[in-house]
Amino acid sequence: MEKTIEALNSKLDLLIAAVTRLAPPSVPETDIATADCYVWAADPGFLEPVLRVNRVDIGLIKGVDRVRDILVDNTERFAAGLPANNVLLWGARGMGKSSLVKAAHATINASGKTATPLKLIEIHREDIDTLPKLMNLLKAAPFRFILFCDDLSFDHDDTSYKSLKAALEGGVEGRPANVIFYATSNRRHLLPRDMIDNERSTAINPSEAVEEKVSLSDRFGLWLGFHKCSQDEYLEMVNGYARYHGFDNDPETLRAEALEWATTRGSRSGRVAWQFIQDLAGRLGQPLKD
């Protein structure tokens, strides 16, 4: 009898262990006070703290002075509890759109003007349809949050943009007062032109179809355009990085090498300038500052 009971207990233990392995892992508890930056992990649904943020000093972002000031002002007002707009930063690639968002966030927190730190949360493009879930998690928190989506755009047959529209300005509840949304994109209207054209051609009322598509961008109160930089602006970026990292190069040699680098890349931008500085630092055997 005792052997039978022991055998049953052993089998029950095996069964319990098997069921435990099949059960979904518990969702880690989110501590919003841990860090100033997080990444939204949509599955299982928690905020993963980022203790070392990949960003540059706002003073190193050149050629976008006007949009820089507008973004910082909007962010500062939001951090102070004043009305502020969702922001779409669109335009030429490599001109510092995402860098500026992260730099503006750091600038506001470094100013010491807010009672509590402003939080930056990155949400990946493929997780946009979980935005309402994230906002529900944040609305009762004693902090203010920038939700940031880098390289936001939508492809054919992608309907998740409707979730974004509702989360930003639609729905019964609307966007929480302590949340604002910043996005970067190469497209001003976030949707491919041929997608809009297809909607127009198949719709009973073509103008209404186009309105449906462009209305997503209208949810952003601020549109900040980034355009290709001039040669002088590109060289200013290179010189700014060189000074910041303590390079002691001959100015004419640095200029010639920077222009040759841009020529081989076929473009001039902040990203190209930074890639040149990385190459230069490697050739000089000089580490870059954090």
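Does Thr184 count as buried or exposed, and at what relative accessibility? In this predicted model, Thr184 counts as buried because its relative accessibility is 2%, and buried means under 20%.

View 1. A polar atom of the Thr184 side chain lies 2.8 Å from the backbone nitrogen of Asp151. Beyond residues up to four places away in sequence, Thr184 touches Leu89, Lys97 and Ser98, together with Phe148, Cys149, Asp150, Asp151 and Leu152.

**View 2. Helix H8 against helix H9.** H8 covers residues 231-244. Its axis runs 10 Å from that of H9, at an angle of about 120°. H8 is therefore oblique to H9. The crossing is right-handed. From H8 come Gln231, Tyr234, Leu235, Val238, Asn239 and Ala242. They meet Leu254, Arg255, Ala258, Leu259, Trp261 and Ala262 of H9. By class, the H8 contact with H9 has nine nonpolar residues, two polar and one charged.

**View 3. Helix H9 against helix H10.** H9 (residues 251-265) and H10 (residues 270-284) have axes that come within 10 Å. They cross at roughly 120°, so H9 and H10 are oblique to each other. This crossing, too, is right-handed. H9 contributes Leu254, Glu257, Ala258, Trp261, Ala262 and Arg265. On the H10 side are Val272, Gln275, Phe276, Asp279, Leu280 and Arg283. Seven nonpolar, one polar and four charged residues make up the contact of H9 with H10.

Key. Residues are numbered from 1 along each chain as its sequence is written. This is a predicted model: local features need pLDDT of at least 70, side-chain atom pairs count only at pLDDT 80 or more; totals for chains, interfaces and linings use all residues. Side-chain values use heavy atoms; hydrogens and water are left out. Buried means under 20% relative accessible area, exposed over 50%, partly exposed in between (1.4 Å probe, protein chains only). A polar contact is a pair of N or O atoms within 3.5 Å; within protein, one must be able to donate a hydrogen and the other to accept it, and residues adjacent in sequence count only if both atoms are side-chain atoms. Contact means heavy atoms within 4.5 Å. Axes are lines fitted to C-alpha atoms, for helices over the stretch in contact, and angles run from 0 to 180 degrees between N-to-C directions. Helices (H or I, at least four residues) and strands (E, at least two) are DSSP runs, numbered from the N terminus. Angles under 35 degrees count as roughly parallel, over 145 as roughly antiparallel, 65 to 115 as roughly perpendicular and the rest as oblique. A crossing is left-handed if the near helix is turned anticlockwise from the far one by less than a right angle, and right-handed if clockwise. Ala, Val, Leu, Ile, Met, Phe, Trp, Tyr, Cys and Pro count as nonpolar, Asp, Glu, Lys and Arg as charged, and the others, Gly among them, as polar.
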